[in-house]
Amino acid sequence: MKKYNYSAGPCILPQEVFEKSAQAILDFNNSGLSLLEISHRSKDFVAVMEEARALVLELLGLEGKGYQALFLAGGASLEFLMVPYNLMKENGKAAYLDTGTWARGAIKEAKYFGETVVVASSAAENYNHIPTNYNIPSDANYFHCTSNNTIFGTQMKSFPNTNIPVVCDMSSDIFSRVLDFSKFDLIYAGAQKNMGPAGATLVVVKEEILGKIGRYIPSMLDYEKHIKAESMYNTPPVFPIYASLLTLQWLKNLGGIPAIEKINNAKANLLYSEIDRNPLFKGTANVEDRSNMNATFLLNDENHTELFDKMWKEAGISGLSGHRSVGGYRASMYNALPLESVQVLVNVMKELENKI
């Protein structure tokens, strides 16, 4: 039976990425060697790294604008630490917007480095919305936000204007929608949502914001050292980077971010329309802040849970259960999830309504 993968991450990737990655594991570039055993400094893999970094900047519209793209290890959670290490001055200050679990994790790490101002938080409402009308201290070294909150199904639809550097964790919606990415001074994202398998983290940083803090930075945590080493300060996660390159190539061939945004809008509109129409379901996030990547919803009557779970599993749907922080269901609709998969879920929801 065909599977419809709604996993929140690691998540669905394009079929051609699986096929090309599988072939590369057996024989990379007709070398007679597996991608998993070649030197990361071989000509073949250096070409992969260079193309991947260049393609990131091309797709984001940041070519020639003073940005560097890095592929690092450690996951986005390591960036919670690396950001303040590189951007918060001694006795400095940083401003954070608290919109969920991962934002809270970033705030926790920043507090070890200096004054950490939480400009607004939606914690009291279990993160069901994005706060508005907050003030960002003009003397902060940077402002940090999380663009999409995977667990709670909210997404920032706009970003504040400020004269200080803006840092954004885009782990779960990078490359999914058109934005003016030049408004951000540093973007980071774990690969395992819209780019590739877990194990690589993308960092896109404007070079001019670095080297200004006056503190010692351990070598492995220093963005400038990774830039100088062209993402090869140590052995990089070769396979996740190659799979990410294949996904970026797929996206470019599709028409880039503008093309995938149209598809993502269609998927989100289809599912949210059913959630709002069907009397058996309700969404958990405020309508104006609903995520196009992660739709979170509940059954109005939990007595229907056993039947609904049986139905969607029999339909070949996988990974639909919600995070324990919210409960219910979470449909993660990342770039590679086809519209067909969303229609299958909607059909099951309609069928449940007919059975009750």
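These questions and answers walk through strands and helices of a predicted model.

Trainee: In which sense do strand β3 and strand β4 pair?

Mentor: Strand β3 covers residues 93–98, and strand β4 covers residues 115–121. Six bridges link the two. Leu-97 stands opposite Ala-120 in β4. The sense is parallel.

Trainee: What is the handedness of the β-α-β crossover from β3 to β4?

Mentor: The chain leaves β3 and passes through helix α4, residues 101–110. From there it reaches β4. This crossover is right-handed.

Trainee: Which residues of α4 are buried?

Mentor: Buried here means under 20% relative accessible area. The cover over these residues includes α3 (75–87), β3, β4, β5 (143–146) and β9 (186–190). The buried residues of α4 are Ala-103, Gly-105, Ala-106, Ile-107 and Ala-110.

Trainee: Why is one side of β11 and of β14 left without a neighbour in the sheet?

Mentor: The open sheet has three strands, in the order β11-β12-β14. Pairing is antiparallel. β11 (281–283) and β14 (329–332) stand at the edges, so each has a single partner strand.

Trainee: Which residue in β14 is the bridge partner of Ala-295?

Mentor: Strand β12, residues 294–299, pairs with β14 in the antiparallel sense. Four bridges join them. In β14, the partner of Ala-295 is Ala-331.

Trainee: At about what angle to β12 does helix α7 run?

Mentor: Within the sheet β11-β12-β14, the twist averages 35° from one strand to the next. Helix α7, residues 256–277, lies across β11, β12 and β14. Its angle to β12 is about 20°.

Notes: Residues are numbered from 1 along each chain as its sequence is written. This is a predicted model: local features need pLDDT of at least 70, side-chain atom pairs count only at pLDDT 80 or more; totals for chains, interfaces and linings use all residues. Side-chain values use heavy atoms; hydrogens and water are left out. Two strands pair if DSSP finds at least two bridges between them. A crossover is right-handed if, with the strands pointing away from the viewer, the path from the first strand over the helix to the second runs clockwise. Axes are lines fitted to C-alpha atoms, for helices over the stretch in contact, and angles run from 0 to 180 degrees between N-to-C directions. Contact means heavy atoms within 4.5 Å. Buried means under 20% relative accessible area, exposed over 50%, partly exposed in between (1.4 Å probe, protein chains only).
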